[in-house]
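Hello,

Here is the structure for you to look over. My notes on its sheet and salt bridges follow.

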Amino acid sequence: MAQTQTWTDTGIAELILLLREEAATGMESIVALEMATPCTAVVGSTFADPADTAIHHTDSGLLLAAIDTVGGATVNTAGDTITFDHIFTATGTKNVAGIHVCNNSDDVSFIECCFNAVLAMENTDTLTIDGQSTINQA
Amino acid sequence: MPEATIVRQVMKTIVTGEHREGVCENCKTLLIKEFYMDGERKRVRLVCPKCGGMGRLIAKTYSVQPPTPPRCLRVKCLFQFFKDTLFCALLSGYHSKRVAYAEQNRHKEILERYRTGEPSPETMWQAIHANIKLKCPICRKYNKDPLLFRR
C-alpha cells in the first residue's frame with residue numbers, strides 16, 4: 001500500500017468557514033492513528049471516523065496534542081504553503097498507521113495521512129512528523 | 001487545443017514520518033526537544049543534551065504522489081499517464097515493503113537505504129530493480145543488484 005495523504009471533505013468545509021469568518025478554528029492539533037495494518041487515507045474520513053478501522057490513540061504519548069510548530073512557506077506563489085512539525089514520544093508499545101491533523105476545537109480533521117507501513121513504536125521511541133500542504137493554482 | 005483539459009491539483013500535501021529511538025545513538029542519554037530556525041521556518045527536533053547526537057533511525061516513510069491525470073486524449077498523453085501510473089505503483093510497493101522490512105529488523109544491521117528511503121528509485125527500471133533486490137535476501141546482504149550484479 002502506498003503512503004496516502006489527503007485533505008478531508010470536513011477539513012475543506014472548515015477552511016471555507018474560516019474564510020467566511022464563521023465559527024471555525026485553524027490547524028492546531030495532531031493525533032496518531034492506531035491500526036494493525038496499513039490504512040488508506042480517504043477524503044470522506046472525519047475526526048470521529050478515520051480511514052478504514054483506524055482509531056485515534058488515546059494514550060502512550062501518541063494522543064491528541066497541540067502541534068509543535070505551524071508556519072507558512074512559499075512553494076509557487078508567496079505564502080501558498082502551510083508547514084507543520086511535531087514529535088510524538090511513545091510511552092509504551094503501540095502501532096502507528098498514520099496521523100490526523102485537526103483544528104483547535106478538536107472536532108475536525110483537516111488532513112489524514114496513512115503511512116507506507118505500520119510503525120511499531122516501543123517505549124521512548126520517537127516519531128517526527130514533517131508536513132507541508134500547498135494550495136496550487138496551476 | 002480543443003481536446004485539452006485543465007488539470008488542477010488544488011491541495012498538494014507531503015507528509016513524512018521519521019521513526020527513531022528516543023535515546024542518543026552515542027551516549028544513550030534520553031533526548032530532549034529543541035526548537036530551531038530553518039531559514040524562516042521554525043522547526044523542532046530531538047537532540048542529546050550531552051553530545052548533541054540523535055536517536056538511531058528505524059524507518060522513514062516516503063510520500064508517494066499520485067500521477068498527474070492526462071492533459072489530452074492523444075495516445076502520447078495516455079501512454080505517458082499509463083507509464084506514470086505504473087511507476088507510481090512500483091514506487092509505492094517498494095516503499096511499503098521497505099518500511100515494513102526496516103520495522104521488522106529494527107535491532108538488526110540492514111542497509112541504510114532501507115531505513116532512510118534514499119536514494120529512492122527515479123525511473124521505472126530502477127523501481128523494478130529495487131523491488132527485486134528488496135525481495136532477495138542474498139542481494140540485500142551483499143548489497144548487489146540481482147540483475148546487474150553490482151551495487
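**Sheet and salt bridges**

Strand β1 (residues 11–24) of chain B pairs with β4(B) in the antiparallel sense over four bridges. Strands are DSSP runs of E, at least two residues, and helices are runs of H or I, at least four, numbered from the N terminus. Two strands pair if DSSP finds at least two bridges between them. B:Cys24 has B:Gly55 in β4(B) as its bridge partner.

This is a predicted model: local features need pLDDT of at least 70, side-chain atom pairs count only at pLDDT 80 or more, and totals for chains, interfaces and linings use all residues. Residues are numbered from 1 along each chain as its sequence is written, chains are lettered from A and ligands numbered from 1 in the order written, and side-chain values use heavy atoms, leaving out hydrogens and water.

The open sheet has five strands, ordered β5(A)-β6(A)-β9(A)-β1(B)-β4(B), with antiparallel pairing. Its edge strands are β5 (69–73) of chain A and β4 (55–60) of chain B.

The whole structure holds 15 salt bridges over all chains (a side-chain nitrogen of Lys or Arg within 4 Å of a carboxyl oxygen of Asp or Glu). B:Arg41 and A:Asp130 form one at 3.1 Å, N to O. That pair crosses between chains, from β3 (residues 41–47) of chain B to β9 (residues 126–135) of chain A.

B:Glu18 bridges to B:Arg20 at 2.8 Å between the closest N and O atoms. B:Lys60 and B:Glu18 also meet in a salt bridge, 3.8 Å from N to O. B:Lys60 is in β4 and B:Glu18 in β1 of chain B, so the pair ties together parts 42 residues apart in sequence.

Best regards
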